[in-house]
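Student: I have just opened this structure. Can you walk me through it?

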2 protein chains.
Amino acid sequence: MTFVGYFDDIRIGERAELGSHTFTADEIKRFARQFDPQAFHLDESAAKRSHFGRLCASGWHSASTWMRLAIRYRDKLATEHRARGQPVAELGPSPGFRDLKWLKPVYADDTISYATEVVEKRESKSMPEWGILRYKNTGTNQAGELVLSYVSTVFIQRRPGSA
Amino acid sequence: MTFVGYFDDIRIGERAELGSHTFTADEIKRFARQFDPQAFHLDESAAKRSHFGRLCASGWHSASTWMRLAIRYRDKLATEHRARGQPVAELGPSPGFRDLKWLKPVYADDTISYATEVVEKRESKSMPEWGILRYKNTGTNQAGELVLSYVSTVFIQRRPGSA
C-alpha cells in the first residue's frame, strides 16, 4: 500500500488524494502576519490595488498546508494498518524538494485539493536499509486549475531483510 | 541599491544579511501543530527516539522564517529610500523556487542567520516593464553550518523608460 508500505512495495504512479482545505480571509491574514507580511496577503483594499487584484494566501501558506494534509493522510492510514497488525514503514528525513511552482494565486475562500504521486524510486547506496522516493505534489483549486506543484524527496525504510 | 532598486540597477553577486532568528521549543511545537504534526517536531521525548535525536523545527517553519526576515529587511530599506525621496521598485509575483535543501536539522534554541544573494538576472520577454531575478537564499546556524538553501525567482520592475 502506498505511503505506509515499505519502499519495496511502492510503485511509481501510485497516487493519493490528500483532502482539501478552504483558505479563509482570517487564516490568510494570520499566516501572513507571522511569515509573509506583504500587503496583498494582509489587507483586502491593498490587495485590490496590487497585481493580484484580491486578497490571496502566501505561497508558503498554501505549500505548508500540503504538508499538513499529507501528514494527516499518512497518520490515518498508518493507524488503520497497525490496527490490522500490518507493518508501517518508517520515514526518514526529507533532504528537500525541487521545482516548487506557484502557478495561480490562492484567493480568499478558494478550496484547494491536494494530491501526491510517486514519480521516482531508487535504493540508497550509502544506507542499504533505506530507499529514496520522489513524489510530485499538487494543489488544485475549485475551478480545476493547478495552483501549486513541487517534487519532494524522502527516505523510506526498506522491507527488513530485503537489502 | 539591492533589493529595493530597479532591475536595471541590481548586480549579480549582491548579497544581503537578513538577520537571525532563534527557534524556541514552544514556537517549533506551535508551528508543527498547525502544519507539520510529526512527533519529532512536537515532543522532546519522541524526538529523542527519532533519527533526529532532539526536538527540531519543521523544514517549512525554517523556510517560512526566511521569508519573514526577507520582507522585514526589504520593508525597512524601502522606508529609508522613500524617506530620502528615492524610488522603490515594485515586486511582482514569485513564480516559485528551485532546489530547496534542508541540509541539517534546526534544533530547539538554534539561532539561524538568513541571507540572500543575486545569482541570475534577465529581462522578461513577454513583459518588457519587468525583469526576472534569481536569488540564492540561505540559513546558517550558530556553528556556521548551512542548514537551508534554495533558489527563488521573482519579477521586479524595470527602471521606467528603460525597456
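Tutor: First, a definition: copies are superposed by least squares on the C-alpha atoms of residues with pLDDT of at least 70 in both. This is a predicted model, where local features need pLDDT of at least 70, side-chain atom pairs count only at pLDDT 80 or more, and totals for chains, interfaces and linings use all residues. Residues are numbered from 1 along each chain as its sequence is written, while chains are lettered from A and ligands numbered from 1 in the order in which they are written.

Student: What rotation superposes chain B on chain A?

Tutor: The shift along the axis is 0.0 Å, and the RMSD is 0.0 Å. The two copies are thus related as by a two-fold rotation axis. The rotation is 180°.

Student: Which residue of chain B comes closest to the rotation axis?

Tutor: The distance is taken at the C-alpha. At 2.6 Å, the residue is Arg98(B).

Student: In what order do the ten strands of the open sheet run?

Tutor: Strands are DSSP runs of E, at least two residues, and helices are runs of H or I, at least four residues; both are numbered from the N terminus. Two strands pair if DSSP finds at least two bridges between them. Here the pairing is antiparallel, and the order is 1(A)-3(A)-4(A)-5(A)-2(A)-2(B)-5(B)-4(B)-3(B)-1(B).

Student: Why is one side of strand 1 of chain A left without a neighbour in the sheet?

Tutor: Strand 1 (15-22) of chain A stands at an edge, as does strand 1 (15-22) of chain B.

Student: How many bridges pair strand 2 of chain A with strand 2 of chain B?

Tutor: These two strands run in the antiparallel sense. Gly96(A) stands opposite Lys101(B) in strand 2 of chain B. The bridges number four.

Student: Which residue of strand 5 of chain A stands opposite Gly96(A)?

Tutor: Strand 2 (residues 96-102) and strand 5 (residues 146-157) of chain A run antiparallel, joined by five bridges. Opposite Gly96(A) stands Thr153(A).

Student: Which elements give two or more residues to the side of chain B that touches chain A?

Tutor: Residues are in contact if their C-beta atoms, placed from the backbone, lie within 7 Å. The contact takes 23 residues from chain B and 23 residues from chain A. The elements asked for are helix 4 and strand 2 of chain B.

How values were computed. Two residues are in contact if their C-beta atoms, placed from the backbone, lie within 7 Å.
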